[in-house]
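Please work through the exercises below with the model open beside you, and try each task before you read its solution.

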Amino acid sequence: MNLKKKFKAKLPTPWGDFFIIGFEEEIGIKNHIALIYGDISLADPILTRIHSECLTGDALFSLRCDCGFQLESALITIAKAGSGLLIYHRQEGRNIGLLNKIHAYYLQDKGLDTVEANHKLGFSADERDFTPCVEILKLLKINNIRLLTNNPFKIKKLKNAGINIVERVDLIVGRNPKNSKYLDTKANKMGHFFSKRNNFHD
């Protein structure tokens, strides 16, 4: 997979003025974006969030997941830090696609957890490919990052691709009665970190 850097523009938000950069897959149909706050050339390592697309959480305010809460919190955290990067990774539903995700929601309504629902549909617990994110980091000449994540799978994938994660920064937000089972499944079956700990360890 190869990405082309396309266009850059200002993106004012409630938390400050970001720049938005569009990236186009040379082979494939997906586009990805990067949001940059401040002068990232002055920061090393760079505070970074890789946020995978979640239409229901990010745009429709769903309480079934923590995605929308994480997106907002990441933008606030980056703005407060004075500089940083958010990559919006266009792989909906851990890369099973929107319609399959809705089908998985239906199965969850019948009692399955998120991992069981994915397996029922013939997918792994997490189908995401972080290659586009690695390419964006390299196109932006970023090697060292402080990663806003609770997800050990994401850390492993980025490290294996040569990205130096100097620190893991917690992003623990959004628990509510509607997503408690979802978050518990993340912790118990996928190993997500939900205890406060800022330093990255292998």
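**Exercise 1. A pair of rings**

Is Tyr37 buried or exposed? Then find out how the ring of Tyr37 is set against that of Phe18.

Solution. The model is a predicted one, in which local features need pLDDT of at least 70 and side-chain atom pairs count only at pLDDT 80 or more, while totals for chains, interfaces and linings use all residues. Residues are numbered from 1 along each chain as its sequence is written, and side-chain values use heavy atoms, with hydrogens and water left out.

Step one is the burial of each residue, where buried means under 20% relative accessible area, exposed means over 50%, and partly exposed lies in between, with a 1.4 Å probe and protein chains only. Tyr37 has a relative accessible area of 18% and is therefore buried, and Phe18, at 1%, counts as buried as well.

Step two is the search for aromatic pairs, which finds two in the whole structure. Rings of Phe, Tyr and Trp (its six-membered ring) pair if their centres lie within 6.5 Å, and planes under 30 degrees apart count as stacked, over 60 as edge-to-face and the rest as tilted. The ring centres of Phe18 and Tyr37 are 4.9 Å apart and their planes stand at 55°, so this pair is tilted.

Step three is the place of the pair in the chain, for which helices (H or I, at least four residues) and strands (E, at least two) are DSSP runs, numbered from the N terminus. Since Phe18 belongs to strand 2 (residues 16-25) and Tyr37 to strand 3 (residues 31-37), the pair ties together parts that are 19 residues apart in sequence.

**Exercise 2. Strand 5 and its neighbours**

Which residues of strand 5 are buried on one side, and which on the other? Name also the strands that pair with strand 5.

Solution. Begin with a rule: in a regular strand the side chains alternate between the two faces of the sheet. In strand 5, Gly84, Leu86 and Tyr88 are buried on one side, and Leu85, Ile87 and His89 are buried on the other. Six of the six residues of strand 5 are thus buried.

Next, look for partners, bearing in mind that two strands pair if DSSP finds at least two bridges between them. Strand 3 pairs with strand 5 in the antiparallel sense over five bridges, and here Ile33 stands opposite Tyr88. Strand 4 (residues 46-52) runs parallel to strand 5 and is joined to it by five bridges, with Thr48 opposite Leu85.

**Exercise 3. The largest pocket**

How many residues line the largest pocket, and which lie nearest its centre?

Solution. Grid points are joined across faces, edges and corners, and the volume is the space filled by probe spheres set on the points. The largest pocket has a volume of about 270 Å³. Its lining has 15 residues, of which Gly57, Asp58, Gly68, Leu71 and Glu72 lie nearest the centre.

Two or more lining residues come from each of strand 3, helix 1 (55-59), helix 2 (67-81) and strand 5 (84-89), and helix 2 gives the most, with five. By class, 10 are nonpolar, three polar and two charged, where Ala, Val, Leu, Ile, Met, Phe, Trp, Tyr, Cys and Pro count as nonpolar, Asp, Glu, Lys and Arg as charged, and the others, Gly among them, as polar.

How values were computed
1 Å grid on protein atoms, 1.4 Å probe; cavity = no way out; pocket = protein on both sides within 12 Å on 5 of 7 lines; lining within 4 Å.
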